[in-house]
There are 2 protein chains.
Amino acid sequence: MQKTKILLDENDIPKRWYNILPDMPTPLSPPLNPQTREPVEPKDLSPIFPIELIKQEVSQEKFIPIPDEVRDIYALWRPSPLYRAHRLEAELKTPARIYYKYEGVSPAGSHKPNTAIAQAYYNMKEGMERLTTETGAGQWGSALSLATSYFDLKCTVYMVKISYQQKPYRKSLMQLWGADVIPSPSNTTNAGKKILSSNPDSPGSLGIAISEAIEDAATHDNAHYSLGSVLNHVMLHQTVIGQEAKEQLAQDDEYPDYIIGCVGGGSNFSGISFPFIMDKLTGSKDVNVIAVEPTACLSLTRGEFRYDFGDTIGLTPLLKMYTMGHEYIPPAIHAGGLRYHGDSPIVSQLYADKVIDAVAYNQTEVFKAGVTFARTEGIVPAPESAHAIKCAIDKALECRKSDEKKTILFNLSGHGHFDMSAYDSYFSGNMTDIK
Amino acid sequence: MQKTKILLDENDIPKRWYNILPDMPTPLSPPLNPQTREPVEPKDLSPIFPIELIKQEVSQEKFIPIPDEVRDIYALWRPSPLYRAHRLEAELKTPARIYYKYEGVSPAGSHKPNTAIAQAYYNMKEGMERLTTETGAGQWGSALSLATSYFDLKCTVYMVKISYQQKPYRKSLMQLWGADVIPSPSNTTNAGKKILSSNPDSPGSLGIAISEAIEDAATHDNAHYSLGSVLNHVMLHQTVIGQEAKEQLAQDDEYPDYIIGCVGGGSNFSGISFPFIMDKLTGSKDVNVIAVEPTACLSLTRGEFRYDFGDTIGLTPLLKMYTMGHEYIPPAIHAGGLRYHGDSPIVSQLYADKVIDAVAYNQTEVFKAGVTFARTEGIVPAPESAHAIKCAIDKALECRKSDEKKTILFNLSGHGHFDMSAYDSYFSGNMTDIK
């Protein structure tokens, strides 16, 4: 029998997160206060984040211990399996070896709980009773709802109104885990009221929802705000993915030639790649790391590397990142998680320093790859994750041409059980690409 | 760190299925030909089933080898994890130890692929090009669509029309795996045409869909029919669940006092329990085995043990089983997979012989248990599986009263990602119980 999955025992869940900041070739430019344009002080962030996360955001420690209480929750689904894609390889007739790390085994169905659990834990430890956040398609909102339910915290999720109406099942999932889901713009915040007064029928946007969630947290002593991507501490928490993958590949005596992840804000990409980039930066190994984005939102491949706001309205600190501009509204595509106008500052700096590469794909070719994957490996991929599949297939086909036995690792960041309408759209032939 | 999951290596996937027939205290009554009322001959079944499955249906061999090709596919998700429900135990303040086997890790999200893979394999080996089947809510149809995609067979699924219209995402799932999904009643079979001619707006029923699928297979040389429950070979294939669970519990030096599974046709219940019932029948161990059914369809707890048809229309062989009568149409409940009018003949005979017990629950109390489970363990249970959860919780609360440290094992047969509208109905307060 050929070996399909490489599993680890739950004792092998990493005991520390890897912090890439001290290893970076160019130090990260600090976030700037939007009023003063001076570097943000920790006290500026304390109304919305717990002290421990503010420390992690700027820490120069290479490794940060993972609390046992967090590892206990991780153990409900971690270590996640690493698969050798035998059946996909056979379909592609490639000499390449394709591996994928499957993060869809979490109850929320994606990698997002890796940071949601940690954030809920630190907030609980510091006495918070409630977390607020925003969500578009609902991946992050459902992850935070799950995480807060584990620690008996309340959770308020501002969900973009059009998604609230069109994607009712992720809303149901959040409610099942006990969250209060509010369609945004809402009447519960000044930001929401302002929008509604000028446009009562506003379908909402992620930018508006962020403003509402931050205002809610900043104006309530018992509440903090929680963000699912972009920030350094989020990238940090996701590094459990790559640490496990490295240990799993070592069991097969393998080290990847290619590491591939899709990029919206950058969190699953960072999670799978940073522990390998560590080897690259310290000179012990080389590896091609590829960030995959949709043609609908070309922040890395076409954006500018400059200071920009994290939200649409311009309330957040300014971050130095590749950006399409904070007012850019990308076309509606089915991989809603990849529509962020910017990118993680760390990912951006690594791209500027040519440590990582980036490519972009249209959604029809991405869905075609997703269908090929589902029909060979079985798992239904999330549209976001299918971007990584498409790139892995392309690299495997290059290997077929050149007859090279390269090792390809990609992150299957989530399943597509709540994205079946996107597959319907693909099969109906109505799916369009961005020119 | 407390231990949460007990995992096995894929080399530990069972190498043989356990056949309970030779161990049964009362020999099984044979199926009868609906015309002659004489025992069915193997040749009567050969137009719709492959020889190997007909042999397995009546085999008196205690163990039947699992082909390597089937184990290779099982390895994509098996062995499935066994969880110790620490967080649920804490919530219930029970001294009982609760374990659950999680079958929702299969790409189709339930235990159904355990038999679908085997059936697709034997049909492929015997030269079939296409399988037909029926599906209501879509669990079985999606499992067979997945299985046929692995073996490059075509698959035709007759889906009850009202489900086809109301549950579009399971239909999408089947199409993603390449199946041809036809709303039933259809114009492609005589059975369907007959219904449509008298009632063009018929919403369909499982009985009609079975008739269409069987007619399609019987009238095409390259096609066979495939059934997802009730028959002996289906129960046989599911015994991988209980065999793995026994080995996993042994790692914790545990043997269950209670084994609990929900029952529609009986396949997941048989899967988890038969390998333990083997010990009970051969006198080496004792265990309480409990079948859980919905009050909407009380086949075991209120039905009659007699010969009845497997389908509504009366085309199938007569099976000796507990039945509500083949014309019984149970009220619409959200656990669609538990609405079958009868039960597996093996499960029925074991119940008649008092080897197993049965209880019934209303759906609101079942959903309440499902929500408790989701908010402690995280996983969203299928409404069917939530019946087993409700019974496990009741037993754990009994242990709290009596201060007994019993060991409870239940089968979490699937996830509820495609059943969120049922949870919506529960939270809205509109869910009703059967009087």
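The legends below accompany close-up views of a predicted model.

**View 1. Helices α6 and α8 of chain B pass each other with axes within 8 Å.**
Helix α6(B), which spans residues 139-150, and helix α8(B), which spans residues 168-176, have axes that cross at roughly 15°, and this angle makes α6(B) roughly parallel to α8(B), given that angles under 35 degrees are counted in that class. The crossing in which α6(B) passes α8(B) is left-handed. On the side of α6(B) the contact is formed by B:Gln139, B:Gly141, B:Ser142 and B:Ser145, while α8(B) contributes B:Arg170, B:Leu173 and B:Met174. Sorted by class, the residues of this contact comprise two nonpolar, four polar and one charged.

**View 2. Helices α9 and α10 of chain B cross at roughly 145°.**
The axes of α9(B), covering residues 190-198, and α10(B), covering residues 206-218, come within 8 Å. Helix α9(B) takes part through B:Asn190, B:Ala191, B:Gly192 and B:Ile195, and helix α10(B) through B:Ile208, B:Ser211, B:Glu212 and B:Glu215. The contact of α9(B) with α10(B) is made up of three nonpolar, three polar and two charged residues.

**View 3. B:Tyr83 and B:Tyr100 form a stacked aromatic pair.**
Across all chains, the search of the whole structure finds 29 aromatic pairs, and one of them joins B:Tyr83 to B:Tyr100, with 5.0 Å from centre to centre and 5° between the planes. The two residues belong to distant parts of the chain, B:Tyr83 lying in strand β4 (residues 82-84) of chain B and B:Tyr100 in strand β5 (residues 97-102) of chain B, so that 17 residues separate them. With a relative accessible area of 5%, B:Tyr83 is buried, and B:Tyr100, for which the corresponding value is 0%, is likewise buried.

**View 4. B:Tyr100 also pairs with B:Phe373, in an edge-to-face arrangement.**
The ring centres of B:Tyr100 and B:Phe373 are 5.0 Å apart and their planes stand at 75°, so the pair is classed as edge-to-face, a term that applies to planes over 60 degrees apart. Because B:Tyr100 lies in strand β5 of chain B and B:Phe373 in helix α16 (residues 363-376) of chain B, the pair ties together parts that are 273 residues apart in sequence. Both B:Tyr100 and B:Phe373 are buried.

**View 5. An aromatic cluster in chain A includes A:Tyr83 and A:Tyr100.**
Ring pairs connect A:Tyr83 and A:Tyr100 with A:Phe373 and A:Phe410, linking these residues into a cluster.

Technical notes. Residues numbered from 1 in each chain as written. Chains lettered and ligands numbered in written order. Predicted model: local features only at pLDDT ≥ 70, side-chain atom pairs only at ≥ 80, totals over all residues. Heavy atoms only, no water. Axes fitted to C-alpha atoms, helices over the stretch in contact; angles between N-to-C directions. Helix = DSSP H or I, 4+ residues; strand = E, 2+ residues; numbered from the N terminus. Parallel < 35°, antiparallel > 145°, perpendicular 65-115°, else oblique. Left-handed = near helix turned anticlockwise from the far one by under 90°. Contact = heavy atoms within 4.5 Å. Nonpolar A, V, L, I, M, F, W, Y, C, P; charged D, E, K, R; others polar. Phe/Tyr/Trp six-rings, centres within 6.5 Å; stacked < 30°, edge-to-face > 60°. Buried < 20%, exposed > 50% of the residue type's maximum accessible area, 1.4 Å probe, protein only.
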